[in-house]
Amino acid sequence: MKSLWDDNVKISNFTPMSEDRYADVLIIGGGMTGVLCAYQLKQQGVDCLLLESDRIGGGTTSGTTAKVTAQHGLCYHKLLSRHGADFARGYYDANAASIEEFRRLAVGIPCDFVTTDNLIYSRRSERVIDRELEALDKIGRPALLAEELPLPFPTKGAVKFSKQAQFHPRKFLAGIVKGLSICERTPVLKLDGCTAYTPRGKVRAEKIIVATHFPFLNTRGLYWMRLHQSRSYVLALKNAPPITGMYMDEQDDGLSFRPHGDYLLLGGGGKRTGKPCGGFEPLERFAIQHYPTAEVSYRWAEQDCMSLDGIPYIGQYAPGLPHLYVASGFNKWGMTSAMVAATLLTDLILERPNTAAAIFSPSRPPALLPLTANIGSSIVGMLTPTLHRCTHLGCGLHYNRREHSWDCPCHGSRYAKNGQVLDGPAKKPKNPKKAPN
């Protein structure tokens with residue numbers, strides 16, 4: 001499985017750490033979030049060091065569909081009804097500012113940045129579209145109704161946000177990492193206060209940002225209770241009919257569409273990691289039926305951290321840890337949320353006011369029903385009788401026949417057949433055992 005973004009894009013190599021280091025701010029994780037944090041802090045004159053366990057942009061960032069939008073599903077009706085107009089407006093404004101910052105930076109970075117529309121469509125209900133438009137009108141933020149869509153099936157309409165964006169994430173990273181202090185192939189094994197320990201020495205810092213997709217400290221913040229991971233699939237089709245704009249179904253199991261040059265990116269098949277799913281097969285069948293002249297040029301899977309209330313966790317890692325920060329739970333909108341996180345965390349570290357801090361606070365009260373369900377799923381996983389167990393918290397693993405991996409249904413860790421970790425939060429390999437045929 002090779003991502004379109006991985007082809008013919010070279011990002012500068014950074015040497016592993018070779019001695020003990022000090023930095024004002026240590027950033028752990030070299031995806032889009034970590035790199036943007038390093039960039040913004042450097043722009044403010046902060047001495048920061050980024051540690052990446054493998055290569056920059058080689059994890060979740062390579063799996064994104066790279067939509068940059070303030071429209072995260074039909075979210076504003078929910079935000080308005082649950083939290084009020086100021087909260088919903090603040091969420092919109094933080095993400096709209098993220099788009100503009102990407103737009104500003106992209107002027108100097110060749111990264112296929114395109115200003116375009118984003119549309120969330122429904123195949124089941126006109127009412128959910130009308131309700132979202134009403135919510136956006138109440139908070140005073142612009143949106144339009146779209147009824148005719150260039151998709152190969154009928155819809156009940158869509159909510160359209162104008163002046164959103166799409167880009168090539170690894171080309172962007174290749175440009176923005178220049179001049180940053182980065183050590184690749186330097187995994188952080190543990191944190192002890194303000195000291196991070198790696199196989200190549202330790203780093204002492206005044207502040208630490210954990211930008212590792214899934215937070216790896218289990219006893220503080222209890223993110224294993226408040227997150228799960230979802231796995232979905234993308235095909236890059238050549239010779240498909242051209243479309244303009246980005247499209248996403250309001251249903252979790254729906255399809256997403258966006259163009260990139262000569263390609264149409266067709267995404268979908270989302271399921272909780274470790275649960276049975278069809279993999280690429282449903283997308284392939286859809287492409288054969290609706291785009292019979294198209295060819296599959298690339299295919300890849302993406303893995304997303306999902307928060308319990310649909311809002312990312314960005315801020316202080318846990319109460320009582322004023323030196324430690326986190327960014328996670330981006331709910332499939334990782335590019336926009338990465339910039340939101342970098343801006344917010346930079347302000348928090350520099351002790352500047354930011355009205356979005358309360359919206360994204362990791363210490364906000366949890367959504368009780370999803371929390372109970374998520375904890376229940378973890379307990380079931382821990383009690384599942386099997387020889388194949390996750391090294392994160394001991395849940396029973398399920399064998400994924402389509403991707404030939406051992407997957408954890410509790411927190412989303414994945415292992416190759418030889419036991420090596422493919423996706424965290426697990427850090428240690430599992431003992432290899434014979435996989436099913």
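How many disulfides does the structure hold? The count is one. Keep in mind that this is a predicted model, and let the close-ups below walk you through some of its details.

**Figure 1. The disulfide of Cys395 and Cys410.** Here Cys395 and Cys410 are joined, with their sulfur atoms 2.3 Å apart. The link is left-handed, with -105° about the S-S bond. It ties together distant parts of the chain, the two cysteines being 15 residues apart. Cys395 sits in the loop between helix 10 (368–383) and strand 18 (398–400), while Cys410 belongs to the loop between strand 19 (405–407) and strand 20 (414–416). Buried or exposed, what are Cys395 and Cys410? Both Cys395 and Cys410 are buried.

**Figure 2. Two cysteines, Cys183 and Cys277, that are in no disulfide.** For Cys183, the nearest cysteine sulfur belongs to Cys48 and is 12 Å away. Cys183 counts as buried because its relative accessibility is 5%. Then there is Cys277, whose nearest cysteine sulfur is that of Cys408, 15 Å away. Cys277 is buried too, since its relative accessible area is 19% and the cut-off for buried is under 20%.

**Figure 3. A closer look around Cys277.** To find Cys277, go to the loop between strand 14 and helix 7 (281–290). Which residues does Cys277 touch, leaving out those up to four places away in sequence? They are Tyr233, Lys271 and Arg402. Arg231 is another residue to look for: it is 46 residues from Cys277 along the chain, and the C-alpha atoms of the two are separated by 9.1 Å. You'll meet Cys277 again in the next view, as one of the residues that line the largest cavity.

**Figure 4. The largest cavity, with a volume of about 40 Å³.** Rolling a probe the size of a water molecule over the atoms shows where empty space is left. In this model, one cavity of 30 Å³ or more turns up. Its lining includes Arg231, Tyr233, Lys271, Arg272 and Thr273. Gly274, Lys275 and Cys277 belong to the lining as well, and so do Asn400, Glu403 and Asp407. Which elements give two or more residues to the lining of the largest cavity? Those are strand 11 (227–238) and strand 14 (263–272). Sorted by class, the lining has six charged residues, three polar and two nonpolar.

**Figure 5. The second largest pocket, with a volume of about 220 Å³.** Around this pocket you'll find Leu189, Lys190, Phe216 and Asn218. Thr391 and His392 also line the pocket, along with Pro425, Ala426, Lys427 and Lys428. How many nonpolar, polar and charged residues does the lining of the second largest pocket have? There are four nonpolar, three polar and three charged.

Figure 6. Look for Pro425 in the segment after strand 21 (421–423). Pro425 is also among the residues that line the second largest pocket, shown in the previous view.

**Figure 7. Helix 2 packed with helix 3.** Two packed helices are described by the angle between their axes and the distance between the axes. For helix 2 (residues 76–83) and helix 3 (residues 85–106), the angle is about 145° and the axes are 7 Å apart. On the helix 2 side, the meeting residues are Tyr76, Leu79, Leu80 and His83. Helix 3 brings Ala85, Phe87, Ala88, Tyr91 and Tyr92. By class, the contact holds eight nonpolar residues, one polar and no charged ones.

**Figure 8. Positive phi at Lys163 and Asn239.** Lys163 is a residue other than glycine, yet its phi is positive, near 60°. Its place is in strand 6 (residues 158–166). Lys163 counts as exposed because its relative accessible area is 62%. Asn239 isn't a glycine either, and its phi is about 70°. Where does Asn239 lie? Asn239 is in the loop between strand 11 and strand 12 (246–249). With a relative accessible area of 45%, Asn239 is partly exposed.

Terms used
Residues are numbered from 1 along each chain as its sequence is written. This is a predicted model: local features need pLDDT of at least 70, side-chain atom pairs count only at pLDDT 80 or more; totals for chains, interfaces and linings use all residues. Side-chain values use heavy atoms; hydrogens and water are left out. A disulfide is a pair of cysteine sulfur atoms within 2.5 Å. Helices (H or I, at least four residues) and strands (E, at least two) are DSSP runs, numbered from the N terminus. Buried means under 20% relative accessible area, exposed over 50%, partly exposed in between (1.4 Å probe, protein chains only). On a 1 Å grid over the protein atoms alone, a cavity is a set of points where a 1.4 Å probe fits but cannot get out, and a pocket is an open set with protein on both sides within 12 Å along at least five of seven lines; lining residues have an atom within 4 Å of a point. Grid points are joined across faces, edges and corners, and a volume is the space filled by probe spheres set on the points. Ala, Val, Leu, Ile, Met, Phe, Trp, Tyr, Cys and Pro count as nonpolar, Asp, Glu, Lys and Arg as charged, and the others, Gly among them, as polar. Axes are lines fitted to C-alpha atoms, for helices over the stretch in contact, and angles run from 0 to 180 degrees between N-to-C directions. Contact means heavy atoms within 4.5 Å.
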